[in-house]
Amino acid sequence: MKLEEQDWLKAAIDGDNEAFSKLIMTYQTPVYNLCSRMLGNQQDAEDAAQETFWRAYQNMRKYDTDRSFITWLLSIAAHYCIDQQRKKKLASVDFDSLPEEIIPDYSQTSPERVLSLKQHNARLQEVLNRLAPDDRAAIILRYWYAFSEQEIADTLHLSISAVKSRLFRSRKQIAALISAQEQSGGYAREREYESSTI
Amino acid sequence: MNHQPFENMIFSEEITAAEQVELQQHLADCETCSTLSQSLRTFETMVNSAGVHQPANGFLNRWQQNLAERQANEQSLMVRRFFLFLGFANIATFILIAVFTLLTGSPVKWFVNTILQISHSIMWINIFIDAARTFFSNIPLYLPLIGLISAGMILLVIMIAWILMVWRLAYQGVPNE
């Protein structure tokens, strides 16, 4: 964490709304990305990210400064999304509702390419949606945030052995899902995409 | 063929160099394990090229707007709870007094005592009115007028302060600090 971020954090703990706004500007994308990957829907992700920052704002005084702020924020977001997922089953992925990506930049690509990328992203989300919410959270933290097992354990309030077990089970399920989709021909274009990007 | 140890190697992140060599040899011969391994690699490639979802522009503005609304709602809720508590406390007190009165004496005695109390009160009010009449008939005319105006102004100030306090509690709330 940068020095200025530490200053914002201290000020935010003391009730400075402007400092908290700066923290939102800094961390809105990682929080939103986690919510989006967890919930698979733009509007739900926006609501979940807003709720995460509201909960963080309310509990700033309880925040332990020895702990990583991003881990704390993502922990709030992950638990909120897991609760939401338990309340309702995910509907099938709607291509038009998928959030925009930072990478790759669609403005530089042809319409066919954009469609291909969106399909690619939708299939990825489809695989994630098949995982149990707790397993999905562990996989997202591992692959999108490169969190260690210890960091995932801290974020999801689990033991390291539980994290290992979840990651193992999820990888196995993901491999089975992708194999099944490839056999049904769903990933033929995915393969083309991969070969064209390498 | 027993695939279990090789599945463990494919899906576990903790794999030694020797196990890696053993796994590669197995994958070359076993189509089932090779497919699983390839599928996992496909997923990892998809993740690497998927990028990061970002919120629509104006996320902070929307948050600040939400914050103001949520704080206003919380303050209103707090005031409603306070008045609700006062109402319940009044009702509970009244019920307690009624129950206590009914338990400590008979209803007839309670009724007679009430009538006696009212009679005494009326008697004392009459005595007070007579005393007031006597007092006001013996003082200069301007004094009661000044007294009434002063009392009225004090009451007006108290009433305005009370209205302002209730308005502030209801619409502005109390700062956290």
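Residues count from 1 along each chain as its sequence is written, and chains are lettered from A in the order in which they are written. In this predicted model, local features need pLDDT of at least 70 and side-chain atom pairs count only at pLDDT 80 or more, while totals for chains, interfaces and linings use all residues.

The average for chain A is 83, and 80% of the residues score at least 70. Select residues 91-98 of chain A, where pLDDT stays under 50, then residues 101-105 of chain A, where it is also below 50. Where pLDDT is low, the predicted coordinates should not be read in detail.

Next, select Val31(A), Cys35(A) and Ala77(A), which touch the most other members of the largest nonpolar core, a set of 38 residues. Such a core consists of buried Ala, Val, Leu, Ile, Met, Phe, Trp, Tyr and Cys residues joined through C-beta atoms within 7 Å; buried means that 20 or more other C-beta atoms lie within 10 Å of a residue's own, with C-beta atoms placed from the backbone. H2(A) gives the most to this core, eleven residues. The core lies between domain 1 (1-92) and domain 2 (104-198) of chain A, because both give residues to it; the bounds come from an automatic or database domain assignment.

Contact means C-beta atoms, placed from the backbone, within 7 Å. Helices here are DSSP runs (H or I, at least four residues), numbered from the N terminus.

Notes. pLDDT is the predictor's confidence in each residue, from 0 to 100. Two residues are in contact if their C-beta atoms, placed from the backbone, lie within 7 Å. A residue is buried if 20 or more other C-beta atoms lie within 10 Å of its own, exposed if 12 or fewer, and partly exposed in between; C-beta atoms are placed from the backbone. Helices (H or I, at least four residues) and strands (E, at least two) are DSSP runs, numbered from the N terminus.
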